[in-house]
Amino acid sequence: MAKARKQKPEGGAGGGATVLHQKLCLSIDMENQLIYGYTEIKVLLAENDTFALHADSMTIRNILVDGEAAEFEYSPHWKNVDGQPSWLSVSCPKTAADAACSAYISSLTGESVKNTKLVRVDYILEKAETGVHFVNNVLHSNSQIRRAHCWFPCIDSATQRCPFDLEFTVSTDLVAVSNGDLLYQANCTVCQFDVSGATGLGSPAASTDLYGTQTFGSYGKIRSLKAVAVLQTLEKQMGPDFFRKILQMIVASTRASRTLSTKEFRHLANKIGNLERPFLKEFFPRWIESCGCPIMRLGISYSKRRNMVELAVSRGCTAKAEPGSDSHTDGDIQEGATGWPGMMSVRVHETDGVYDHPILPLAGEALQVVELQCHSKVAAKRFQKTKKGSKPDGSDDNVDASTQENRMSMDAPLLWIRVDPEMEYLAEIHFHQPIQMWINQLEKDKDVISQSQAIAVLEKLPQLSFAVINALNNFLNDTKDTDLAGLLHLVKFYKSRRFDADIGLPRPNDFHDIPEYFVLEVMH
């Protein structure tokens, strides 16, 4: 136990200190079963207070307080030096109340002005006996039942809980796995970081000034997310069976290496994935070797005369404009006649059924009007006399959705419309349809993504009508269709994999099956 020399701690580790935050930075040597690094603890304590830590069976190299070296004592096996327990024994409710009152008054009288200190402890842990375990090429921790102090200095008490930042450095052939949110991932040999080409995946020009790993910092996270999205797009273009065959070939034991270049993957996509070369010739340069993704702005208008939906489309790009370029619309960069390969699907929910229209081009003119034929009929109405000034072609019969936000969609056989419902493309989509159609989408679509999209639009309306408020309230309180059955089954599955049946508590993390660990971590 490491502590200051001034005085003994009162009432256990930490003295009167309160831990606000702790950061743990460790390097791990699997071959020698060695852990070394430091921990930084942000602590709140009084001017002359004692700060004590639990640290068992480790070598403390030095301790800094606010950047200055501090004297410390280290007892390898901590014991209560005062020989007195840090708890009170009670035998009845009255004595329990007296003890609680006494402890509360004591805490009030002991209050003083406290300051925030930053304590850094550098240490080495060799061949730990508990807390962490080296098993072959796997190192896993077990901090339950006050074992955390067996592998890093801390106040190992349930009363001293605080946020943690964890940073691990491992060999390039290993992976560090932890709970929490991933802040960054870096390679120790990264020398220079190129910001301008951060979202290009395979362009030599985009990676000229980027060495080591290409998953560094926030831009590296964007690269990783884009890589996954592009692979998902390819999988949907070629089908899951063909894509699975490619993956099986990559990880086959007969291959000398399980890595392959972009050119090799493109060849497999053509040979095994059954994708035509013209498509691949456009797909790889646009999605992999270039930056940016499409920005689609869409609005609808319904023609009663022709029973047709007119879809107005404005296509842009998230990439930066070239110097001197004047091709901007609403702040987006227009791609003109280039664009992206493929056709985006539009799903129309009509009164008589659901119809998919894979006719929205991602290339060609930046401003387009696409027509979608409706299959349902509008209910017959009483004949109304033609208005003065109407045109013989019936063009005045168009119902513009942008001017009918407060009317229910009774003059059209449309319930709601979704653009790219299967999320086949990495794109930013801004779609405009009447409010009632968003309400229909929220109330009748069983897809949670569709429901979340409707909620996101409705909650941003400048004025919420009673219809919108009622729809949101009904959705919030409607459990008759689900009865939370999915959640119950999920909890049951999680407990079957993660809990110890004998004690009813979670088992220690097991990293022998990394994919299984990630599944359970997401569920948690």
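**A walk through the predicted model**

This is a predicted model. The protein chain has an average pLDDT of 75, and 71% of its residues reach at least 70. Strand S20, residues 414-419, has the highest mean, at 94. Strand S14, residues 328-329, has the lowest, at 43. Two stretches call for care. Residues 188-199 have a pLDDT below 50, yet the model gives this stretch 27 contacts beyond near neighbours in sequence. Residues 392-404 are also below 50, with 21 such contacts. Where pLDDT is low, the predicted coordinates should not be read in detail.

Strand S3 covers residues 34-46 and strand S8 covers residues 114-126. The two run antiparallel, joined by 13 bridges. Leu34 is bridged to Glu126 in S8. A contact between a charge and a ring can be found here too: the charged end of Arg120 sits over the ring of Tyr38, 3.6 Å from the ring centre.

Now look at the loop between strand S2 (18-29) and S3, where Gln33 lies. The phi of Gln33 is positive, near 50°, and Gln33 is not a glycine. Most residues other than glycine have a negative phi. Gln33 is partly exposed, because its relative accessible area is 31%, between the cut-offs of 20% and 50%.

Asn136 sits in the loop between strand S9 (132-135) and strand S10 (138-141). At 75% relative accessibility, Asn136 is exposed, since the cut-off is over 50%.

Finally, the aromatic rings. The structure contains 8 aromatic pairs. Phe283 and Trp287 are both buried. They also belong to one aromatic cluster, together with Phe279, Phe284 and Trp340. Elsewhere, Lys495 lies over the face of Phe499, 5.8 Å from the ring centre.

Methods: Residues are numbered from 1 along each chain as its sequence is written. This is a predicted model: local features need pLDDT of at least 70, side-chain atom pairs count only at pLDDT 80 or more; totals for chains, interfaces and linings use all residues. Side-chain values use heavy atoms; hydrogens and water are left out. pLDDT is the predictor's confidence in each residue, from 0 to 100. Helices (H or I, at least four residues) and strands (E, at least two) are DSSP runs, numbered from the N terminus. Contact means heavy atoms within 4.5 Å. Two strands pair if DSSP finds at least two bridges between them. Rings of Phe, Tyr and Trp (its six-membered ring) pair if their centres lie within 6.5 Å; planes under 30 degrees apart count as stacked, over 60 as edge-to-face and the rest as tilted. Buried means under 20% relative accessible area, exposed over 50%, partly exposed in between (1.4 Å probe, protein chains only). A charge sits over a ring if NZ of Lys or CZ of Arg is within 6 Å of the ring centre and within 35 degrees of the ring normal.
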